[in-house]
Amino acid sequence: MATQLASKRPPLTPGRKRLRRRSAFAGYLFLSPWLIGFFCLTAGPMVASLILSFTDYDLFNRPEFLGFDNYTRLFKDPSFIQACKVTGLYVIIGTPLKLLVSLAVAMLLNNEHRMRGFYRSAYYLPSLIGGSVSVAIVWKAMFIDHGVIAQIGQMFGGDGTGWVGNPKLTLPMLILLTVWQFGAPMVIFLAGLKQIPQELYEAAMVDGAGAFRKFFSITMPMLSPVLFFNLALETIHAFQIFNSAFIISNGTGGPARSTLFYTLYLYFKGFRDFEMGYASALAWVLVIVIGIVTAILFKTSNAWVYYSGDAK
Amino acid sequence: MRIKRRRLVAGAAIAACCAMTLVACGDPKDNGGGDKPAPTGDALVPNTTDPITLRFTWWGNDDRADRYAQAIDLFTAKYPNFTIETSSAAFADYWPARNTEAAGGGLPDVMQFDSAYLREYAGGNRLLDMKPYMDAGVIKTGDYEPNLVAAGNLGGKQIAIPTGTNTLAFFYQPDLTAETGVAFPTGNWTLEDYNAFCTQVKAANKTAGDQPIYCGKDYTDTFWFFLQYLVQKGVAPFTDAGELNFGEDEIKEFLAIAAPAREAGAFTPASRLEALSPLTGFSNNEAISEASWDNFIASFSGDTGKENLEIVPIWSGDNGRQNFMRPAMLISIGANTEHPAEAALLADFMLNDPEVGKIFGTSRGVPSGSTVREALSPEAGSFDDKVMAYEELVQESPTAAAPIPVKGFGTIEEKWRTLAQELGFGTINADQFASEWMAEAANAIK
């Protein structure tokens with residue numbers, strides 16, 4: 001490969017070689033803030049946590065090597081199984097629901113409308129503030145005993161007890177919170193909708209296609225790359241839910257472990273229970289699971305994502 | 001060839017970078033103080049002229065925060081060269097923050113400490129040995145019970161000093177017993193008597209605001225109550241080697257005592273407690289009673305807004321009540337502090353200054369030092385008076401030695417709380433409680 005390249009190019013003079021090397025050096029220098037951040041804050045700690053996941057590191061004492069003990073222990077740990085269940089449900093139910101809502105709103109906002117700019121900003125707003133601590137607190141206040149939601153429930157014959165104290169309703173409550181933050185995928189959908197050539201719709205209209213037909217035969221296929229992008233991003237994002245669950249459960253994962261999300265459990269083990277080795281194993285299992293899920297998404301995408309530029 | 005070689009260089013650079021990061025971040029051998037030589041001479045004398053900034057932190061509610069603010073004002077008025085940066089958190093949030101700081105060698109200079117976590121921190125050399133400062137007279141513990149001072153001494157190092165003692169007690173609200181017309185048990189009452197009290201309160205069917213009045217929460221929900229139960233049975237909960245001295249059977253036995261009242265729905269429901277958290281039914285004026293540490297009366301009074309809370313002895317077992325006095329909380333100094341002598345000065349002020357003692361009263365336990373205790377001279381009928389009278393009353397009957405928390409105590413205590421909540425919700429049964437708790441304990445204690 002090197003000889004091929006060399007034969008195609010005129011040989012470099014020593015001076016130009018030096019210049020190239022120097023400009024490459026300058027390039028790396030400009031990249032260095034990112035490179036240092038990447039190696040020290042991301043890659044380094046990741047490698048460290050991989051090593052620690054095979055030890056009994058307790059934050060204080062020199063770690064002792066344990067082999068795969070931390071990984072085998074996972075499957076006997078009821079809290080781990082509960083955390084997988086809660087997180088799995090959150091991802092499987094919350095993500096499609098959020099995408100559905102964001103697509104629906106994006107399609108509404110795609111119509112010509114006088115107040116369109118205003119509505120776009122208004123609907124985007126929740127996702128700007130949705131991840132914040134204050135919103136989680138407000139969300140909790142809404143769903144507490146005799147809160148707004150409980151009062152609405154009372155109109156329909158409820159007894160005024162909130163959702164916060166009921167282990168069966170805390171997960172739906174958190175799913176609603178994430179669905180409400182549909183702004184980011186909505187904006188991406190909106191951009192995708194704008195890219196669809198109008199003549200396709202006009203041609204379909206000439207052929208007598210109705211709204212449903214147009215949606216399933218034009219919008220969906222044309223939007224599928226954007227849908228795929230959103231799906232992958234939101235799925236990965238959903239696996240990592242932490243803030244809202246931490247705040248709504250007062251940092252306990254309660255009631256009755258119903259909001260014990262994976263990252264929350266990982267945090268408890270690492271920083272509260274002095275089991276950083278075990279927490280590192282938890283982290284790596286999460287990385288592997290997210291990797292597998294993403295790989296599956298990419299594999300299946302060949303079957304349902306349509307790239308209009310492809311010469312297939 | 002050139003390209004390949006460059007890749008090799010890049011690969012080596014990445015590997016070197018990773019290795020360096022690992023060396024820098026991954027070696028936890030001595031992030032704290034380690035075994036520094038003991039300070040001598042001038043190093044033991046606090047600097048009271050040059051500007052010194054210290055970090056000080058504690059857990060507790062707003063009431064405690066107000067008291068610390070006053071105490072720190074007194075300190076900076078006496079030593080104007082000091083600036084004290086403070087922070088506080090709820091107990092459960094306090095520990096992850098300290099643990100993270102300890103791992104990175106960034107503990108606050110002075111902090112409130114709990115005996116549940118002493119063993120982990122002692123093992124990691126994260127707390128300063130205060131013995132040299134005690135010997136030099138910077139921290140004065142001459143008027144403390146020797147046993148109490150020893151409670152902060154692990155492995156020959158004085159890593160913590162108790163602010164005071166506390167012991168378990170029951171609190172009740174006379175306003176609510178009057179409302180329901182059910183009297184709180186008197187004399188040497190048992191847990192069965194308390195169950196009966198709970199069913200009567202439930203049967204009275206009275207409300208406070210829009211909430212039904214309950215007798216209180218399930219008393220099996222707190223690990224310390226279980227320890228008290230074991231002590232009453234004559235079982236030391238932990239062996240001298242720091243292992244559990246009980247098994248699943250004892251846990252199931254204890255949980256079974258409350259089962260009749262639990263199954264009858266006579267305790268404040270788990271869902272209501274979750275909605276109220278961090279308050280409880282008692283502190284929100286919708287439950288008559290709650291068992292807790294005796295020094296909690298001040299914070300309960302702050303939460304309930306009631307001045308007339310009653311403090312009474314706990315239930316009796318076959319051998320009486322067997323109360324144990326333990327360090328209510330302790331003061332520690334981070335081994336990483338840059339100003340150990342000055343931190344010792346602040347610690348001493350928080351422990352032994354009579355004016356600070358008056359500010360806190362018995363809210364950090366009945367003060368350790370007799371000088372501070374005498375300085376309190378509480379008004380008759382005040383909370384401080386009630387707590388001090390209660391501890392005197394408790395010591396009139398046979399008491400037991402306080403169990404010394406084992407390694408991982410904080411974890412198993414929290415696990416007990418979580419499982420008790422699930423028991424309340426009915427998502428697990430007592431057998432699952434016992435086996436899951438024992439499995440967690442096996443990992444935490446080793």
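**Exercise 1.** Work out how helix α6 (residues 133–143) and helix α8 (residues 170–180) of chain A pack.

*Solution.* Start with the geometry: the two helices pack at an angle of about 130°, with their axes 11 Å apart. Axes here are lines fitted to C-alpha atoms, for helices over the stretch in contact, and angles run from 0 to 180 degrees between N-to-C directions. Helices are DSSP runs (H or I, at least four residues), numbered from the N terminus.

Next, classify the angle. Under 35 degrees is roughly parallel, over 145 roughly antiparallel, 65 to 115 roughly perpendicular and the rest oblique; α6(A) and α8(A) are therefore oblique to each other.

Finally, find the residues in contact (heavy atoms within 4.5 Å). Val135(A), Trp139(A) and Phe143(A) of α6(A) meet Met173(A), Leu176(A), Leu177(A) and Trp180(A) of α8(A).

A word on the model: it is predicted, local features need pLDDT of at least 70, and side-chain atom pairs count only at pLDDT 80 or more, while totals for chains, interfaces and linings use all residues. Residues are numbered from 1 along each chain as its sequence is written, chains are lettered from A and ligands numbered from 1 in the order in which they are written, and side-chain values use heavy atoms, leaving out hydrogens and water.

**Exercise 2.** Now try helix α11 (residues 211–239) and helix α14 (residues 276–304) of chain A.

*Solution.* Their packing angle is about 165°, and their axes lie 10 Å apart. That makes α11(A) roughly antiparallel to α14(A). Among the contact residues are Leu227(A) and Phe228(A) of α11(A), and Val289(A) and Trp304(A) of α14(A).

**Exercise 3.** How far apart are the C-alpha centres of domain 1 and domain 2 of chain B?

*Solution.* They lie 30 Å apart. For contacts, 11 residues of domain 1 of chain B touch 8 residues of domain 2 of chain B. The domain bounds come from an automatic or database domain assignment.
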